[in-house]
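Open the model in your viewer and keep the selection tool at hand. The stops below say what to select next and what is there.

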Amino acid sequence: MTFENQMMQTLVQWDDSLSVGIQEIDEQHKVLVALLNELYEAIHRHQGRAASVDILGRLADYTRIHFTVEESLMRILGYPDYEEHKQHHEILIGDLRVFQARVQAGDAVTFELLHFLRNWLTHHIQEGDTRYAAFFLERGAQATWQKKGWLDRFWSGITG
């Protein structure tokens with residue numbers, strides 16, 4: 001095994017620029033980042049189409065769950081830009097379905113796809129999600145929690 005193969009390959013490095021300031025949402029975003037990095041590493045290490053299909057499926061599943069959580073909170077708290085934000089979610093879910101179908105049909109997951117997903121995720125967090133997070137906090141949402149959230153317990157092991 002070469003030194004390069006021993007090092008974890010990352011596509012997205014989590015840092016404060018990706019934090020929205022609400023721990024529950026940040027933890028969910030970290031799972032999305034971890035799944036993108038897992039997919040990137042699988043491609044980099046030539047682990048095969050089956051591995052890519054599996055990881056892409058878990059990424060799509062977790063993305064749908066995460067979006068449902070965000071959208072539920074938006075409705076509960078009366079977020080004024082809910083419809084626009086939901087539309088962005090629907091576009092990505094549609095794109096993910098197309099990518100999944102292509103990969104399942106035999107297309108390779110390309111670095112172009114990974115970079116698209118990385119750019120979409122980071123832009124969406126830094127632009128759209130930071131706006132709703134500020135609104136949520138103004139409406140009394142807790143920034144941190146003492147115990148792990150239910151979603152984290154439910155999806156434990158999703159990244160591996």
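A salt bridge here is a side-chain nitrogen of Lys or Arg within 4 Å of a carboxyl oxygen of Asp or Glu. By that rule the count is 8 salt bridges. Side chains of opposite charge can pair when their charged atoms come close.

This is a predicted model, in which local features need pLDDT of at least 70, side-chain atom pairs count only at pLDDT 80 or more, and totals for chains, interfaces and linings use all residues. Residues are numbered from 1 along each chain as its sequence is written, and side-chain values use heavy atoms, with hydrogens and water left out.

**Colour by confidence**

Colour the chain by pLDDT, the predictor's confidence in each residue, from 0 to 100. The chain average is 85, and 85% of the residues score at least 70. Helices are DSSP runs (H or I, at least four residues), as strands are (E, at least two), numbered from the N terminus. Confidence is lowest in helix α1 (residues 3-6), with a mean of 43, and highest in helix α3 (residues 49-77), with 93. Select residues 1-7: the pLDDT there is below 50, and beyond near neighbours in sequence the stretch has 6 contacts in the model (heavy atoms within 4.5 Å). Where pLDDT is low, the predicted coordinates should not be read in detail.

**Helix α3 and its ends**

Next, select α3 and compare its length with expectation. The expected span of a helix is 1.5 Å times one less than its number of residues. For the 29 residues of α3 this gives 42 Å, and the end C-alpha atoms are 42 Å apart, which agrees.

Now select H46, in the loop between α2 (23-44) and α3. H46 is not a glycine, yet its phi is positive, at about 55°. Is H46 buried or exposed? With 70% relative accessibility, H46 counts as exposed (buried means under 20% relative accessible area, exposed over 50%, partly exposed in between, with a 1.4 Å probe and protein chains only). Just after α3, G78 also has a positive phi, of about 70°.

**K86 and its two partners**

K86 forms a salt bridge with E71, with the closest N and O atoms 3.7 Å apart. This pair links distant parts of the chain, K86 being in helix α4 (residues 82-104) and E71 in helix α3, 15 residues apart. E71 counts as buried at 10% relative accessibility, while K86 is partly exposed at 22%.

K86 also forms a salt bridge with E90, where the closest N and O atoms are 2.9 Å apart. Both K86 and E90 lie in helix α4, 4 residues apart, about one turn of the helix. E90 is partly exposed, with a relative accessible area of 45%.

Move on to R102 and D107, whose side chains meet in a salt bridge at 3.4 Å, N to O. R102 is partly exposed at 42%, and D107 is partly exposed at 36%.

**Last stop: N37**

Finally, select N37 in helix α2. N37 counts as buried, at 7% relative accessibility. A polar atom of the N37 side chain lies 2.6 Å from the backbone nitrogen of L11.

Methods: Polar contact = N/O pair within 3.5 Å; in protein donor to acceptor, adjacent residues only side chain to side chain.
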